[in-house]
Amino acid sequence: MVKLRIGYPEDPDYPERLEEFEARIARGEKIEPGDWMPAEYRRQLIRMISQHAHSEWVGMLPEGAWITRAPSLRRKLILLAKVQDEAGHGQYLYHAAETLGVTREEMVEALLSGRAKYSNIFNYPTLTWADVGIIGWLVDGMAIKNQTMLAQCSYGPYSRAMVRICAEETFHHKQGKEAVLLYARGSRKQRQMVQDALNRWWWPTLMMAGPHDTDSPHTPLLLRWGIKTKTNDQIRQEFLNEHVPELLEAGLTPPDPELRYDEKTGNWVHGPIPWDEFWKVINGEGPMNRHRLLARERAHEEGRWVREAMEAHAKRRLAQAAD
Amino acid sequence: MWGTEWPRYEVIKQDTPKSPPQMVGSVHATDPEHALLLARHVFVRRPSAYALFVAPAEAFFHVTQEGLKGPWSEGLEEGPEEAYWVFAKRSHRRSMVYGDLVGRFLAKGPASAIREALLHAQGVAFWAVPERLVVGTEPKEEVIESWFAPAKDKTYRLQSYYGLVTAKEVEDAP
C-alpha cells in the first residue's frame, strides 16, 4: 500500500487545507478515505482504531476461557455468540484502520510483538463464572459509553464500524446485567461470588475510560477534530450515573468507601482511582499481559497451517484456470 | 504468493431485494469464494441480507468529494467498453451512509462510468468497479435460504430478547 506523505504542517498548502478540513468537521460532514486530512488526524485515528481492534481480539480470551465451563446450554449459547461478535468487531475495526493506509499485517505484528497497546481491562483474570456477567454488564457498559460517543466520530469508516458494534454491545450489556441480577438475588454463595467479581472488576472498569482529562494531553485536539465528542471524565461520569444506582438496588456494593451522590450536580462521585496500577497494566505489567500475548501468538501459530492450506488451494485454482 | 497478507476484497451487501447493494467494508481472502464466506461471518452474523458481493479492493476507482470539484477524469486511459458498477456516497446526513449502488453503466473506463452515473445520480463521492470482477451469491431461493436464514434464526440475535431488565424484576428469558 502506498504510504501517504500529505497533511504535514510544513506543506505549503497546509494552513488553507486545514481550515477547509476543520470547516467540514464543523458542518458535521464525515471525513472519508482518500479525503485530505492532517497527518496528525490520521496518526491519532490509526492509534485509536488499531488499539480498539486489538482490544476486541484480546477481549475474546478472558471470556472464551469460560465457554466450555458455562453453567447451562443457554449461557453457553449466549457466550459463544458474544465471543463471535468480538471477533467480528475486531474485523470491522481492522478494516476501518486499513482505510487510513496502515496494513493488517503491520497491526497484527505490532500486537504480537507486544508493541501495540490494548485496553487495560483484558489483562485481568476471569476467576469465576460471575466474572462473565460482570464483564458483560460493567465492562461492556463502559465500552458502550465510549463507543456510542465514537459512533458520532468525524471519520466515516470508524463511525460506521461503531454503529454496528454498539448494536451488538447492547446485547452483551443486557445479557451481563440479566446474569448479575439473577445471581445477586440467588443463593448466599452466588451473591458472594458476584460481589467478589464486582470488587475485582470495579476499578479496572473505571480506568477503562482512560486518564483524567487533566492528564490526557491528546483530548483537546481529538475533540476539536471530532474524533472524540466527549472527554474521558464525561464518559466515566455517564457510566457511574447509570450503573451505581442499579448496582445498589441489586444489593451490590462497589468497593469504593468514598463513593457518594452529589445532590448539587446530580452526579455519583468516586474516590481516588489507583492510577499506578493502570499505568503498570498498560505498560505490560498487569496480571495477565504475558498470558494474553502468548495466547494470541499461539492462536496465530496454530492457524498457520490453515492459512497455508488456503493459499495452496487458491494457487492451484489459479493454475487450473490458466490451463 | 502474497507475502503474509491476503488481498483485500470490498464487501457489498444488499439487505432486501428492493434495497440498493451497499459497500459495507472489506475482508482479506485468497479468492472471491473465500471472501464471500468471510464476508458472511463478519457482516451478516445478525443483520438481514438478501445478497452479498465481493470485488478486489484494488479494482475500485474512487473519486473523493474534493476530487469531484477538480478535473478528476481528465487524461484517464480508456479501454474496451464494458459494464461497471457505480457506487455513490449520497450525503453526510447520517453515520451509516455507505457507497450505494447507483447503477450499472456501459463505459470505456471507470471514469467514464462515473461521468455517466453523474447524469443520473447525485453523490458526494463515487466508486466504480468492472462488473466482470464482481462475484456474488446467486439470487436463488435455496441459496438465499442457506446463506442468510441462519442469521435470522440465531437464538441470541437481538438484544430485545432480554426484555427490559431491572434490578426489581428480572424477567426470565423465554
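**Helix α9 of chain A**

The buried residues of α9(A) are Asn232(A), Ile235(A), Arg236(A), Glu238(A), Phe239(A), Leu240(A), His243(A), Val244(A) and Leu247(A), where a residue is buried if 20 or more other C-beta atoms lie within 10 Å of its own, exposed if 12 or fewer, and partly exposed in between, with C-beta atoms placed from the backbone. This is a predicted model, in which local features need pLDDT of at least 70 and side-chain atom pairs count only at pLDDT 80 or more, while totals for chains, interfaces and linings use all residues. Residues are numbered from 1 along each chain as its sequence is written, and chains are lettered from A and ligands numbered from 1 in the order in which they are written.

Helices (H or I, at least four residues) and strands (E, at least two) are DSSP runs, numbered from the N terminus. The cover over the buried residues of α9(A) includes α5 (129-150), α7 (188-208), α8 (219-224) and β2 (267-269) of chain A. His243(A), itself one of those buried residues, is also where α9(A) has a kink of about 30 degrees, shortly before the proline Pro245(A); the bend is the angle between axes fitted to the seven residues ending at a residue and the seven starting there. Just after the helix, Gly251(A) adopts a positive phi of about 85 degrees.

**Strand β3 of chain B**

Chain B contains four helices and eight strands, arranged along the sequence as β-β-α-β-β-α-β-β-α-β-β-α, and 37% of its 174 residues count as buried. In strand β3 (residues 51-56) of chain B, five of the six residues are buried, so the strand is largely enclosed by the rest of the structure. Strands pair if DSSP finds at least two bridges between them. Strand β1 (residues 8-14) of chain B runs antiparallel to β3(B) and is joined to it by six bridges, with Glu10(B) standing opposite Ala55(B). Two bridges also pair β3(B) in the antiparallel sense with strand β8 (residues 135-136) of chain B, where Val135(B) is the bridge partner of Val54(B).

**Where the chains touch**

Between the chains, 41 residues of chain A are in contact with 29 residues of chain B, contact meaning that the C-beta atoms of two residues, placed from the backbone, lie within 7 Å. On the side of chain A that touches chain B, α3 (73-98), α4 (104-112), α6 (156-184), α9 (232-249) and α12 (304-322) each supply at least two residues, and α6(A) gives the most, with 12 residues.
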